[in-house]
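Please open the model in a viewer and keep a selection panel at hand. The stops below say what to select in turn and what is found there.

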Amino acid sequence: MNATLGFRVKSGWAVAVLLAGPVESPQVIDRRVLQLHDSTIPESKQPYHAKMGTLQTDEAKIDRLRKVIAKAALKSVTELMRDYKGDGHQIRRAKLVVGSDIDPAKITNPHIRAHALEGRLFRTMLHDALSSCGLECSVIVERNAYKQAVPVLKRSEKELKQILTQLGRSLEGPWRGDEKLAALAAWLALG
């Protein structure tokens, strides 16, 4: 049975959803949170923030934190893939949902630029970690996710949202917007 991964990437973490089955009737196999930062180094969660509302400009510090984040992302993805492989899942593709793909250099507000830089950094580190595990990986922007899914999955946006809500009912715990977007991404990767 085909299995794919979808992620909703945030600053320092991501929601991962494992989906399997034919594209016509996917099933959620697993859902979990992946840490993309080192919790023992708090500034690795927001490496471009010097302090609240201030852009970090110390390139040496940013470079050190990038390495910490790359290591944390690779560790989390490697453990995730080991777990899934141990459960018999063969995953070939992943799709990431991100908040924005805007070029941070075009943002004049330093605080907003810090968020854009972090978004790009965590997306890139997760993408690189997935690729190093042999997964074909692509990215979609949240505001376009449903619009892109309609022609691929051959369902209306309303139908997609209803099905995604139903998919989460088989799991314990919350099934929020981030989980639904990650599931949509995995579903698109099935298609």
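Begin by selecting H5, a helix of 14 residues that reaches 20 Å from its first C-alpha to its last, close to the 20 Å expected at 1.5 Å a residue. The expected span is 1.5 Å times one less than the number of residues in the helix. Helices (H or I, at least four residues) and strands (E, at least two) are DSSP runs, numbered from the N terminus. The model is a predicted one, in which local features need pLDDT of at least 70 and side-chain atom pairs count only at pLDDT 80 or more, while totals for chains, interfaces and linings use all residues. Residues are numbered from 1 along each chain as its sequence is written, and side-chain values use heavy atoms, with hydrogens and water left out.

Colour H5 by burial, where buried means under 20% relative accessible area, exposed over 50%, and partly exposed in between (1.4 Å probe, protein chains only). Because 11 of its 14 residues are buried, H5 is largely enclosed by the rest of the structure. The buried residues of H5 include Glu-179 and Trp-187.

Helix H4 (residues 157–167) packs against helix H5 (residues 177–190) at an angle of about 110°, and their axes are 10 Å apart. H4 is therefore roughly perpendicular to H5, a description given to angles of 65 to 115 degrees; those under 35 count as roughly parallel, those over 145 as roughly antiparallel and the rest as oblique. The axes are lines fitted to C-alpha atoms, for helices over the stretch in contact, and angles run from 0 to 180 degrees between N-to-C directions.

Which residues make this contact? From H4 come Leu-160, Ile-163, Leu-164 and Thr-165, and from H5 come Lys-180, Ala-183, Leu-184 and Trp-187; contact means heavy atoms within 4.5 Å. By class, six of the residues are nonpolar, one is polar and one is charged. In this scheme Ala, Val, Leu, Ile, Met, Phe, Trp, Tyr, Cys and Pro count as nonpolar, Asp, Glu, Lys and Arg as charged, and the others, Gly among them, as polar.

Lys-154 has a positive phi of about 55° although it is not a glycine. With a relative accessible area of 70%, Lys-154 is exposed.

Now display the sheet. It is open, with five strands in the order S3-S2-S1-S6-S7 and mixed pairing. Its edge strands, S3 (27–35) and S7 (136–141), each pair on one side only; two strands pair if DSSP finds at least two bridges between them. From one strand to the next, the twist averages 20°.

Select S1 (residues 3–9) with S2: the two run antiparallel and are joined by seven bridges. They form a hairpin with three residues between them, and Gly-12 in the turn has a positive phi of about 95°. Arg-8 stands opposite Val-15 in S2.

Continue to S2 (residues 13–20) and S3, which pair in the antiparallel sense over eight bridges. Six residues lie between the strands of this hairpin, where Gly-21 takes a positive phi near 115°. Across the pair, Val-15 stands opposite Val-33 in S3, and Val-17 stands opposite Arg-31 in S3. Seven of the eight residues of S2 are buried, so S2 is largely enclosed by the rest of the structure.

Is Glu-136 buried or exposed? Its relative accessibility is 55%, so Glu-136 counts as exposed. Leaving aside neighbours within four places in sequence, Glu-136 is in contact with Arg-92, Arg-93 and Ala-94. Glu-136 and Arg-92 are 44 residues apart in sequence and 6.2 Å apart in space, C-alpha to C-alpha.

Finish with H1, whose 28 residues reach 40 Å from first C-alpha to last, close to the 40 Å expected at 1.5 Å a residue. Among the buried residues of H1 are Ile-62, Leu-65, Val-68 and Tyr-84. What covers the buried residues of H1 includes S1, S2, S3, strand S6 (91–98) and helix H2 (110–132). Within helix H1 (residues 59–86), pick Ser-76. Ser-76 is buried, with a relative accessible area of 14%. Not counting residues up to four places away in sequence, Ser-76 touches Leu-34 and Gln-35.
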